[in-house]
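Colleague: I am new to this structure and would like to go through it with you. Could we take it piece by piece?

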Amino acid sequence: MGTDKQYDGYQPYDYLDAGDDYRAFELSEKHAGFEPRTIEVTDEERARLEALTAESVISLHDHAFRFPADIDADLRDYVREGRIHTAYDYLAETSLDAVFDMQFDGLSTVHSLNGWKWDDIVHEVSMRACDIAHSAYARQCRSVEDIHRAREEGGLAVVQALESAAMIENELDRIEQLYGMGVRSMGITYSASNALGTGGGDVYQRDGGLTGFGVSAVERMNDVGMAISVSHASPQTSLDVCAVSDEPVFDTHALAQGAGMGSRGTSDEVFEAIADTGGVIGLLSSTHLPDIESYMEHFEYIVDLVGIEHVAFGPDVLYGDHTELLRVLAASQGMELPDSTLESAYVDGLENPTEAWINIPRWLVTNGYSDEEIRMVLGENVLRALETVW
Ligand SMILES: [Zn+2]
């Protein structure tokens, strides 16, 4: 059933009148602003693909929704309207059974100017959950069983996930409240530091690692059954989390320093610490690479380093002009994008979740991976870790 998705035609917030009950925006079309490419397969490879994608296919990190067509003009107002438009129809073209969806991250600013506030996150998580509850194809993912059921029934399990724990402030109980709302995966820090630890973009002269409160938060997340991601955390914070956590640790989206990513990549030491917890590393595409071939160089590097049982895919892509999105975000902080980000306007073969999740399985079957290895990296590795964590 994995490839035969039962999409029911539901569009976001169909239970309301767009433009009347809430402000509607012109949203980005699936292939706006780039030339899509589908990796060619032979008939024999196609038969393998169908069998393999009938098994679990899970994204560890995406933003599976539509941004405004005119990001420069509409982004702020779209965000403040508080209604993420999940791309149910575009996602149903893939064999995805589950997606860890990171929502708006620090852009979530319905109630504040700079984001990551409790009210912002509660607004976004609960509004999104209401919309997902009205879709017959998608369901909020609260358990491993929900992923299996989505695969069997041709649906999609949406794992509501957050990239930072900044909004819990100094309240451990908020971890339980978020779990109660359906959040099943949370980062320790975004690039900025918070009460839990030092952020990856926030190391001045020394890296403070995990705080005492951060240790308590990791323990509470273990107790509650919340998956922990060290993406965006500083190197020392990541190592400390791996040392403290009793459960497998994730890095939902990463590139490797050792495969030429420089300081924006993750070190071998951190990857090895994650693998030692029994955790899983998701491969990040995003904006830093020209095409799916360079993406897979990072995949092969990390597989060689920690073993294929610790690797999965978290492309971190979205529906909309991501380069324009980054430019607008940088400009709002008085910065310009580095040239490296602008070198390629889009990631060839990997630009949005539909293209990514059609091409990732295709690349694997056309590049010498065995059926067993492909099943592991598409879903089994993540399921194994989640069975312990959740
Ligand atoms: Zn991220």
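Modeller: In strand 10, Val-280 is the bridge partner of Phe-250. Helices (H or I, at least four residues) and strands (E, at least two) are DSSP runs, numbered from the N terminus. This is a predicted model, in which local features need pLDDT of at least 70 and side-chain atom pairs count only at pLDDT 80 or more, while totals for chains, interfaces and linings use all residues. Residues are numbered from 1 along each chain as its sequence is written.

Colleague: In which sense do strand 9 and strand 10 pair, and over how many bridges?

Modeller: Two strands pair if DSSP finds at least two bridges between them. Strand 9 covers residues 250-254, and its pairing with strand 10 is parallel, over three bridges.

Colleague: Which residue stands opposite Leu-283 in strand 11?

Modeller: Strand 10 and strand 11 (residues 311-313) run parallel and are joined by three bridges. Opposite Leu-283 stands Phe-313.

Colleague: Are the residues on the two faces of strand 10 buried or exposed?

Modeller: A residue is buried if 20 or more other C-beta atoms lie within 10 Å of its own, exposed if 12 or fewer, and partly exposed in between, with C-beta atoms placed from the backbone. In strand 10 (residues 280-283), one side holds Val-280 and Gly-282, and the other holds Ile-281 and Leu-283. These residues are all buried.

Colleague: What covers the buried residues of helix 9?

Modeller: The buried residues in helix 9 include Phe-271 and Ile-274. Their cover includes helix 8 (235-244), strand 9, strand 10 and helix 10 (292-306).

Colleague: Why does Asp-251 count as buried?

Modeller: Asp-251 lies in strand 9. Two residues are in contact if their C-beta atoms, placed from the backbone, lie within 7 Å, and the contacts of Asp-251 include Ile-274, Ile-281 and Gly-282. Asp-251 counts as buried because its C-beta neighbours inside 10 Å number 30.

Colleague: Is Lys-117 buried or partly exposed?

Modeller: Lys-117 is in the loop between strand 4 (98-101) and helix 4, and touches His-111, Ser-112 and Met-167, not counting residues up to four places away in sequence. With 18 other C-beta atoms within 10 Å, Lys-117 is partly exposed.

Colleague: Which element gives the largest share of the side of domain 1 that touches domain 2?

Modeller: The domain assignment, automatic or from a database, gives domain 1 (1-110 + 124-162 + 318-390) and domain 2 (168-247). The contact takes 17 residues from domain 1 and 11 residues from domain 2. On the domain 1 side, the largest share is four residues, from strand 6.
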